Amino acid sequence: MRQIHLWHSILLLLLAGGMQTFSWWLSSDTRMAARLSGKEWHYNHVVQSSSTTAQLMLNTMLTTYHEDGVMRLLPKGAIQIDSQLNLGEKKTSPQIRIRIQGSWAVNSGFLLFKAENYSALPLDKAGMALLEHHKAALRELVLAQFNNTRAFTLLDDQTLLIFGDNQRVWGLKGISIQM
């Protein structure tokens, strides 16, 4: 019968430890962040809202808004969002382009977002009028929506679901960023 040497046992323990560490890493926040980053996540949604707060802050009957945008999750935790908002159902509704830059992180199945820069650009006369009178209120509403922690599910490398407030689910389509 053959003897097991001490170095065989040590090698086996090291191998088992390495496999355990690799298994942990595959399912970790770091691994998930790596799968999400380096992509442009495109979205397009219509929100039916009766937010009294938004209506009061913007001094308008805002029951519906349409948002078409792209969220770039960059390596090292940087984020950039560019979106076009149409604040209403009519063709004369204010249209505004929003850009947010900041940081993002993954923590236990949640995406954490923090804005560092915000800009709004009117795309029509109604958008210009809205920004002239309610620029600070719109900024506050947008950043309150952005600076949030949201649960998410990555269905595959091109499909991301983000769960928002009021039981909303955002579906995003991912495309690799060409650097």
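Predicted model: local features only at pLDDT ≥ 70, side-chain atom pairs only at ≥ 80, totals over all residues.
**Overall architecture**

- Reading from the N terminus, the elements of the protein chain follow the order α-α-β-α-β-β-β-β-α-β-β-β.
- Among contacts in the protein chain with a separation of 6 or more, 54% join residues 24 or more positions apart.
- The protein chain has an accessible surface of about 11,600 Å², and carbon and sulfur atoms account for 57% of that surface.

**The cavity**

- The lining of the largest cavity is formed by Tyr 65, Gln 145, Arg 150, Gly 164, Asp 165, Arg 168 and Trp 170.
- Sorted by class, that lining comprises three charged, two polar and two nonpolar residues.

**The salt bridge between Asp 157 and Arg 35**

- Side chains of opposite charge can pair when their charged atoms come close.
- Asp 157 and Arg 35 form a salt bridge, with 3.0 Å between the closest N and O atoms.
- Asp 157 sits in the loop between strand S6 (149-156) and strand S7 (159-163), while Arg 35 belongs to helix H2, so this pair ties together parts that are 122 residues apart in sequence.

**The salt-bridge network**

- Which residues are linked in a network of salt bridges? They are Glu 40, Arg 72, Asp 82 and Arg 99.
- Arg 72 and Asp 82 pair through their side chains, at 2.7 Å from N to O. This pair links distant parts of the chain, with Arg 72 in strand S2 (residues 64-73) and Asp 82 in strand S3 (residues 78-86), 10 residues apart.
- Asp 82 also forms a salt bridge with Arg 99, at 2.6 Å from N to O. Here strand S3, holding Asp 82, is linked to strand S4 (residues 95-107), holding Arg 99, and the two residues are 17 residues apart.
- Is Asp 82 buried or exposed? Asp 82 is buried because its relative accessible area is 12%, and the cut-off for buried is under 20%.
- Arg 99, by contrast, is partly exposed, with a relative accessible area of 35%.

- Ala 33 is part of helix H2 (residues 29-36).
- With a relative accessibility of 21%, Ala 33 is classed as partly exposed, because the buried class needs a value under 20%.
- Beyond its neighbours within four places in sequence, Ala 33 is in contact with Trp 104 and Val 106.
- Ala 33 and Val 106 are 73 residues apart along the chain, and their C-alpha atoms are separated by 6.0 Å.

- Ile 175 is found in strand S8 (residues 169-176) and is partly exposed at 45% relative accessibility.
- Which residues does Ile 175 touch, not counting residues up to four places away in sequence? They are Gly 38, Lys 39, Glu 40 and His 42.
- From Ile 175 to Glu 40 the C-alpha distance is 5.2 Å, although the two are 135 residues apart in sequence. Glu 40 is also one of the residues in the salt-bridge network.

**Backbone points to check**

- Most residues other than glycine have a negative phi.
- Lys 76 has a positive phi, near 65 degrees, and is a residue other than glycine. Lys 76 lies in the loop between S2 and S3 and is exposed, with a relative accessible area of 89%.
- Ser 108, which is not a glycine, likewise has a positive phi, of about 50 degrees. Ser 108 is located in the loop between S4 and strand S5 (110-122) and counts as exposed at 55% relative accessibility.

Key
Residues numbered from 1 in each chain as written. Heavy atoms only, no water. Helix = DSSP H or I, 4+ residues; strand = E, 2+ residues; numbered from the N terminus. Buried < 20%, exposed > 50% of the residue type's maximum accessible area, 1.4 Å probe, protein only. Contact = heavy atoms within 4.5 Å. 1 Å grid on protein atoms, 1.4 Å probe; cavity = no way out; pocket = protein on both sides within 12 Å on 5 of 7 lines; lining within 4 Å. Nonpolar A, V, L, I, M, F, W, Y, C, P; charged D, E, K, R; others polar. Salt bridge = Lys/Arg side-chain N within 4 Å of Asp/Glu carboxyl O. Areas by Shrake-Rupley, 256 points an atom, 1.4 Å probe, with all protein chains shown as cover.
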